[in-house]
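Look at the chain below before reading on. The report then covers the chain as a whole, a sheet and a pair of helices.

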Amino acid sequence: MRRAVTLSALAAVLAATAAGSALATGWTDQSQPRERRHGSLLDAVPARGVLRVCTTGDYRPFTHRDPATGDYRGIDISMATALAKSLDAKVRFTPSTWANLIDDLDAGRCDIAMGGVSVTLPRARKAYFSEPYLTDGKTPIVRCADSAKYRTLEQIDQPGVRVIVNPGGTNEQFARANIKRATLTVHPDNTTIFDEIIAGRADVMMTDASETRYQAAIHPELCAVHPEKPFTFSEKAYALPRGDEQFREYVDQFVHLATHDGTYRGFADEWMKPADGG
C-alpha cells in the first residue's frame, strides 16, 4: 500500500516538474492553432505595414507580371491591393510558380496566395481557403475554325490532335488524367501558350472557363468552347496559412463584401474588355 502511495506521489512530482519546465522553456501545445501560438496575421500585417502576396504572374486576367517593368496587374492583383489597404498596409508581391505556390505559403514566404488559385483537396491539406469568389471549370479553347471539332473529351482525345498545357497546376493534372491518345505537350510559358494555338503548332488547350473567355476576348482567332458548361466544377479562392482562424475569418468577410458590393465586378469588368491586351 505504501509503495502505491509513494509511486503516486512520485508521478505527481514528475508531472509538476514537467509542467514547470514547459513554462520555463516557453513550450506550448503544438496542436494549438497558429494564431494562438504565434499571433494572428490580422494583427501582424497592420503592425508590419505590409501584406506579402504570393502570385505566379502568368495567369491573365487574374495575375500578370510585366516582364519589362516587373509590375503586376490583374483582377486578383487589384483585390490584393484592396485587401492590403483594408489592413492599413501596402502590398508586396512574391513571385511563385504553380508547382510551388502552396509550399511557398506554407513555408511562410508570404501571408496569402492570390491569382486565380483553384480550390483542390491536395492544396487544402496544406492551406486554408477563403470564401470562393468565382465558380469555374475546365473547358477547351481552340482556333475558331475548329470550334465544332473539339467540343467533347472524346473528340479531343484522338490520335493526331495536339493538346498543349502549362506545367504544375490543375490544367496539367486534368490533361494528364484525360488525354491518353492525343499528343500532349507541356509548354513552359503560360504567357505565350495561346500563341502556339494561333500559330497552328497546337490545336487545343483545356483551362479554366474564365481564362478561355479572356483569351478569346483579346485574340479574335481563338474561341472558348462552351465556357458556360465546362467539363469540371471548381472554385477560385485565396489560399491562407493553416491555423490562423482570425485572419481567415477576416479575408472571408473581405471577399464576401467585395463580391456583393461591386468591388470585384469592377475589377473584373476592366479586364474583360476586348481592347485590353494585357
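## The chain as a whole

What percentage of the 278 residues of the protein chain count as buried? The figure is 44%, where buried means under 20% relative accessible area, computed with a 1.4 Å probe on protein chains only.

The model is predicted: local features need pLDDT of at least 70 and side-chain atom pairs count only at pLDDT 80 or more, while totals for chains, interfaces and linings use all residues. Residues are numbered from 1 along each chain as its sequence is written, and side-chain values use heavy atoms, leaving out hydrogens and water.

The protein chain has 12 helices and 15 strands. These are DSSP runs numbered from the N terminus: helices are H or I with at least four residues, strands are E with at least two.

## A sheet of three strands

Three strands form an open sheet in the order β2-β3-β4, with antiparallel pairing. Two strands pair if DSSP finds at least two bridges between them. β2 (58–59) and β4 (72–73) are the edge strands, each pairing on one side only.

Strand β3 (residues 63–65) is joined to β4 by two bridges in the antiparallel sense. H64 has R73 of β4 as its bridge partner.

## Helices α4 and α11

The axes of α4 (residues 75–86) and α11 (residues 245–258) come within 11 Å and cross at roughly 120°. Axes are lines fitted to C-alpha atoms over the stretch in contact, and angles run from 0 to 180 degrees between N-to-C directions.

M79, A82, L83 and S86 of α4 meet Y250, V251, F254 and A258 of α11, contact meaning heavy atoms within 4.5 Å.

Conventions:
Buried < 20%, exposed > 50% of the residue type's maximum accessible area, 1.4 Å probe, protein only.
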